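These are my notebook entries on one structure. I looked up its elements, its core, the surroundings of its ligand and some backbone details.

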Amino acid sequence: MYIFILQLSLGLDGDLVAPADFKSVSEALILSWVSSILTLARFFKEYFMKYDIIIIGAGPAGCSLALHLANTNFKIALIDKDTFPRRKVCGGALSERAINQLKAFPKELNIYENFLKSVNKIKSYGLRIHTLGNKNSIFDFKDPKNKYKVPGFLCMRSDFDEFMIGEVKKYPNIDLLAGIKINDIKITKQEVIVKSKDQVFVGKFIVGADGANSILRKKFPSYRNISDVGITGHYENVSGFHKDNLIDMYFLKETLPGYFWIFKLPDDRVNVGVYTTKENLLKTKQNLKTMITDIISGHPEISERFKNAKKVDEVKGWKLPIFFKRIFSKKNLYGSRHLFIGDSASLIDPITGEGIGNALLSGNYAAQTLKEAYKNGKIDSSELNQYRKLLVEKFKYELPIHTFFRVFFKNSIILEMCFSLIKNLKSFNSFISKRLYK
Ligand SMILES: Cc1cc2nc3c(=O)[nH]c(=O)nc-3n(C[C@H](O)[C@H](O)[C@H](O)COP(=O)(O)OP(=O)(O)OC[C@H]3O[C@@H](n4cnc5c(N)ncnc54)[C@H](O)[C@@H]3O)c2cc1C
């Protein structure tokens with residue numbers, strides 16, 4: 001092929017030229033070599049940039065999908081606009097679902113064992129709910145019969161993301177392309193073409209794992225999704241924690257149906273934040289930044305806990321796209337040569353605001369679906385519907401229960417009644433711990 005390109009560019013058809021013309025011939029030769037090398041480079045670049053799956057976003061959802069396909073024949077591009085480590089607006093509370101998903105990666109990858117060894121974290125056994133009447137409801141899922149049972153962990157979100165990125169880097173079939181912002185996506189019948197400012201990636205399939213502001217979602221707006229809002233930051237020297245590191249959730253008049261939270265992190269740090277709805281902010285004419293500082297300085301119990309506290313970083317806000325019935329529609333979850341996982345599929349819990357567990361879970365389900373589809377040799381809608389079916393089955397209890405509570409949590413009196421009722425119902429607690437969040 002090289003000889004052919006050389007001949008074509010020289011127009012020589014294999015004949016040598018006379019020695020008198022030596023200078024011009026050598027110049028022509030050099031030029032032709034350069035041009036053929038460039039042609040070859042372009043050919044190889046094109047060849048090597050053909051991916052089976054292009055994942056936009058290397059947060060928990062994108063890393064989960066990539067790791068579930070690690071050590072397979074899939075050639076994967078995992079692209080993120082950021083370089084790691086980086087701060088991400090998030091609490092870093094890993095629920096039991098998130099932990100179960102870390103355990104659900106293929107055994108030989110040892111993801112959960114590596115997480116236990118390398119991420120700086122503390123154990124948390126549940127929640128302490130504070131309602132307006134200042135009544136505390138404790139949901140402590142510590143199992144006295146099983147001292148090894150750990151419902152969740154609390155860590156810096158930046159540490160968790162750095163850990164996942166470190167795991168992804170171990171596998172040669174995954175190209176981690178960090179620091180590349182995707183700004184254009186074209187999906188044709190044959191392929192997917194993804195562009196950044198100065199690079200082009202070509203693949204057979206694309207997955208949107210690019211969070212609440214997903215660029216892929218902008219191409220396929222299925223409906224008006226519902227985004228809640230949250231703000232968070234870190235402090236030191238906050239007091240009054242429960243011995244089992246329960247997450248403190250204060251349901252306050254100004255935050256309903258959301259809440260103000262505080263939880264412990266390693267190295268005497270704490271994460272603090274507010275989770276609420278846009279409607280609440282509009283209705284009460286509040287702003288998230290002043291809301292969080294007003295609560296810390298003005299709430300009698302909280303201000304006491306913060307009296308010696310020191311701020312570690314600035315509070316920062318972000319969107320939380322929550323799940324509701326319509327997000328489980330086909331149009332929202334997949335389409336021609338694409339599907340959505342994590343926040344870009346709106347999988348955040350509409351009561352707690354948690355999304356890491358569901359991001360990991362959806363990456364797992366997407367991997368199962370894509371493996372099967374490629375095995376059967378077709379990535380069409382009948383194959384991709386398996387992804388939707390897995391999610392619908394998983395959320396069959398959670399969706400109605402959480403939608404129901406979210407409506408009632410808007411009213412402080414009903415919220416108070418709900419918690420008084422359920423905190424004493426042993427069966428409800430065991431239902432929560434057995435059926436939900438797994
Ligand atoms: C204030 C707040 C606190 C929270 N606290 C918790 C908590 O304690 N526990 C919990 O479980 N959940 C929490 N959440 C929710 C959680 O942060 C998300 O659900 C989770 O990060 C979703 O993961 P993801 O991989 O889908 O998206 P993300 O983590 O958002 O990752 C998306 C990735 O895509 C990249 N990206 C975006 N656009 C582009 C582009 N154009 N090109 C290339 N890359 C791109 C981004 O850089 C990012 O790395 C919180 C959210 C907020 C806002």
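I began with the elements and found 16 helices and 19 strands in the chain. Helices (H or I, at least four residues) and strands (E, at least two) are DSSP runs, numbered from the N terminus. The model is a predicted one, in which local features need pLDDT of at least 70 and side-chain atom pairs count only at pLDDT 80 or more, while totals for chains, interfaces and linings use all residues. Residues are numbered from 1 along each chain as its sequence is written.

**Entry: burial and contacts**

I looked up how much of the chain is buried: of its 438 residues, 39% are. A residue is buried if 20 or more other C-beta atoms lie within 10 Å of its own, exposed if 12 or fewer, and partly exposed in between, with C-beta atoms placed from the backbone. I then turned to contacts, where two residues are in contact if their C-beta atoms, placed from the backbone, lie within 7 Å. Among contacts in the chain with a separation of 6 or more, 73% come from residues 24 or more positions apart.

**Entry: the core**

Which residues have the most contacts inside the largest nonpolar core? I found Ile54, Ile55, Leu65, Ala66, Ile76 and Ile341, in a core of 105 residues. Helix α12 (residues 356-375) gives the most to this core, namely 8 residues. The core lies between domain 2 (51-87 + 160-217 + 327-395) and domain 3 (121-155 + 227-321 + 397-438), because both give residues to it. A nonpolar core is a set of buried Ala, Val, Leu, Ile, Met, Phe, Trp, Tyr and Cys residues joined through C-beta atoms within 7 Å. The domain bounds come from an automatic or database domain assignment. I noted as background that nonpolar side chains tend to be buried together in soluble globular proteins.

In α3, 9 of 9 residues are buried.

**Entry: around the ligand**

I counted 38 residues around the ligand, of which Gly57, Gly59, Gly91, Gly342 and Gly355 come nearest. Here a residue is near a molecule or strand if its C-beta atom, placed from the backbone, lies within 6 Å of it. The elements giving two or more residues to this shell are α3 (60-68), β2 (76-80), β12 (227-236), β17 (316-321) and α12. Domain 2 and domain 3 each supply at least three residues to the shell. By class, I recorded 17 nonpolar, 14 polar and 7 charged residues. Ala, Val, Leu, Ile, Met, Phe, Trp, Tyr, Cys and Pro count as nonpolar, Asp, Glu, Lys and Arg as charged, and the others, Gly among them, as polar.

**Entry: strands around Lys195**

Lys195 lies in strand β10 (residues 192-195). Is Lys195 buried or partly exposed? I found it partly exposed, with 13 C-beta neighbours inside 10 Å. The uncovered face of β10 holds Ile193 and Lys195, and the covered face holds Val192 and Val194.

Two strands pair if DSSP finds at least two bridges between them. Strand β9 (residues 184-187) runs antiparallel to β10 and is joined to it by 4 bridges, with Ile187 partnered by Val192. On pairing with strand β11 (residues 200-208), β10 is again antiparallel, over 4 bridges, and Lys195 stands opposite Val200. I noted that β10 forms a hairpin with β9, with 4 residues between them, and a hairpin with β11, also with 4 residues between them.

**Entry: backbone details**

Most residues other than glycine have a negative phi, and most peptide bonds are trans. I therefore listed the exceptions with this background in mind. A cis peptide bond joins Phe84 and Pro85, with omega about 0 degrees, and Pro85 sits in the loop between β2 and β3. Another cis bond joins Leu256 and Pro257, with omega about 5 degrees.

Asn237, in the loop between β12 and β13, has a positive phi of about 65 degrees. Asp267 also has a positive phi, near 60 degrees, and lies in the loop between β14 and β15 (269-276). Asn237 is partly exposed, with 13 other C-beta atoms within 10 Å, whereas Asp267 counts as exposed, with 9.
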